[in-house]
Amino acid sequence: MMARFFYSLLLYLITPLIWLRLLWRSRKQAEYLQHLGERYGFYRQPVPKKLIWVHAVSVGETRAAQPLIEGLQARWPEHRILLTGMTPTGRDAGQQVYGDKVIQAYLPYDYPGAVDRFFRHFSPAFGVLMETEIWPNLLAAGKRRKVPIFLANARLSARSARGYERFSALAGPAFSALTGVAAQTAGDAERIAELGATAVEVCGNLKFDVTPPADKLALGHEWRAAIGQRPVWLAASTREGEEPLVLEAWRRMAVPDALLVLVPRHPQRFDEVAGLLEQQGLRSVRRSQSLPAADTQVWLGDSMGEMAAYFALADLAFIGGSLLPLGGQNLIEAAACDCPVVVGPHTFNFKQATEDAIAAGAALRVDDPEMLAATVNRIFGQKMKLAEMRTAAGLFARAHQGAAGRMLALIARWTDPAAR
C-alpha cells in the first residue's frame, strides 16, 4: 500500500509534464487533445448492462486483439465489447478493424480517482489487458471491485523483467492482482510468474491468428500488377534513426531497377522521412500521391492500415526497429502474407517469434546496413531461394495458430460473465 501511495503521489506531481507531452504530441497529431476527459475517467458513452472490457494500448495491440475479440463476441454474444486504448492512432485502428461492433474509449491515466470512475461508469464483467499493460492502481481497483482481469498475449523481455524487479514492492501486488495470464512463450510465463502472477499459462501468440484482410491483399496485388516485374524491397515499420541506415543499404544494392518501399512505423514521421528522401536527392513519391513511376527509386508508404498490402506487394521485407537497439517489430504479419523477412540484430521484443521464423527458413538475420545490402542482393539473385523462403513464411505463420482458442478457454475457466 505504501509503495502505491508514493507511486500515486508521483503521478500527481508529474501531471504538468503529462499535459506538456500531450501538447507536444498534438503538434503533429491534433487528436491528442480530443477526449481529454476520458483520460481522467470522465465518460459520456451510454453503458450496456453486460460489458466485456479489452484494453489494447495502441495500433499493434488493437489489431492483434482481433481474433480474441471475435472469440469473445462469439462465446458471449449478449455482451458488448468495450475497447480501450491510449493513442489516437490506436483508436483509429479500432474504428478501421471493428467499426461499430465495439465501444471505444481511452483508458484513464493510472490515478486512483480516475480508475475508480472508469470502473463505476462501465462496470465490466471482466477485463482483458493485451500484452504487458501493468498499472498498479487500475489492477488494485479491479481487485477491490472483484472484476477479474486477465493479461492476454503477455510478453515480458528479460530487460523489462529486471526493470519491474527494481520496483517489486509496487509491481508484485500488481502482477498478483491478475486473475490469469496467457503468456506467449515459456520464457515469458516464467518471468511473469517470478514477478508475482499466478495462474500463468503458455497460450502462444495471438498475432498468428490474425488473418490478413482480403481487400488489403488484393490491393497489394493490384500495386504489383501496376509496378510490373521490378524487384520490390520493403522496409516496414522503420523507426527514428533507421531510415538513413536503410537508405545506406539500398545505395549499396546491385539489383537493377529495384524499388524500395519505405513505411515508417509512426505516421507523425511521414513528413520527416519525405524530407530525408528529398535531402538525399532520391526520386521518390508518396503513397498518398500516386503509384511509383518507372523511374521512382523510393515509394514512401504514408498510409495507415495497409501493411498487409505492402507485404503482398513486396518480394522481400526488412522489419524495422531491429537495426538499432529498439527491440524490433512483429514479423508475423509479414509471414502471414507469405512475405520473406530480413531482420537486424536487435529483436529482443519478439525474440521467440524471430528465432522460430529464422529456424523455419522464413527469415534471415543481418548485423548492419552493409550486411543488409549484401543479403538483399544475394536473395534477389537466387529466385529459387526467394521462392523457398516465401513458402516457408506461410507455413511458419499457419503452424503457430490457435492462441485465441487457448486464451478463451483460460478466461472461461476463471469467469462466467453470463451469470453476472
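How many nonpolar, polar and charged residues does the lining of the second largest cavity have, by class? The lining has four nonpolar, seven polar and no charged residues. This is a predicted model, in which local features need pLDDT of at least 70 and side-chain atom pairs count only at pLDDT 80 or more, while totals for chains, interfaces and linings use all residues. Residues are numbered from 1 along each chain as its sequence is written, and side-chain values use heavy atoms, with hydrogens and water left out.

**Cavities**

- Two cavities of 30 Å³ or more turn up in a search of the whole structure (a cavity is a set of points on a 1 Å grid over the protein atoms alone where a 1.4 Å probe fits but cannot get out; lining residues have an atom within 4 Å of a point).
- Of the 13 residues that line the largest cavity, Thr84, Gly85, Gly90, Arg91 and Gln104 lie nearest its centre.
- Strand E2 (80-85), helix H5 (88-98) and strand E3 (102-106) each give at least two residues to the lining of the largest cavity (helices are DSSP runs of H or I with at least four residues, strands runs of E with at least two).
- By class, the lining of the largest cavity has six nonpolar residues, six polar and one charged.
- Residues lining the second largest cavity include Ile319, Gly320, Gln329, Phe350 and Thr354.

**Aromatic pairs**

- The whole structure has 19 aromatic pairs (ring centres within 6.5 Å; planes under 30 degrees apart count as stacked, over 60 as edge-to-face and the rest as tilted).
- Tyr40 and Tyr111 form a stacked pair, 5.6 Å centre to centre with 20° between the planes.
- Tyr40 is in the loop between helix H2 (15-26) and strand E1 (51-55), and Tyr111 is in the loop between E3 and helix H6 (112-122), 71 residues apart.

**Salt bridges**

- There are 17 salt bridges in the structure (a side-chain nitrogen of Lys or Arg within 4 Å of a carboxyl oxygen of Asp or Glu).
- In the salt bridge of Lys207 with Glu131, the closest N and O atoms are 3.5 Å apart.
- Lys207 lies in the loop between strand E7 (200-202) and helix H11 (214-227) and Glu131 in the loop between strand E4 (126-130) and helix H7 (136-144), so the pair ties together parts 76 residues apart in sequence.

Notes
On a 1 Å grid over the protein atoms alone, a cavity is a set of points where a 1.4 Å probe fits but cannot get out, and a pocket is an open set with protein on both sides within 12 Å along at least five of seven lines; lining residues have an atom within 4 Å of a point. Grid points are joined across faces, edges and corners, and a volume is the space filled by probe spheres set on the points. Ala, Val, Leu, Ile, Met, Phe, Trp, Tyr, Cys and Pro count as nonpolar, Asp, Glu, Lys and Arg as charged, and the others, Gly among them, as polar. Rings of Phe, Tyr and Trp (its six-membered ring) pair if their centres lie within 6.5 Å; planes under 30 degrees apart count as stacked, over 60 as edge-to-face and the rest as tilted.
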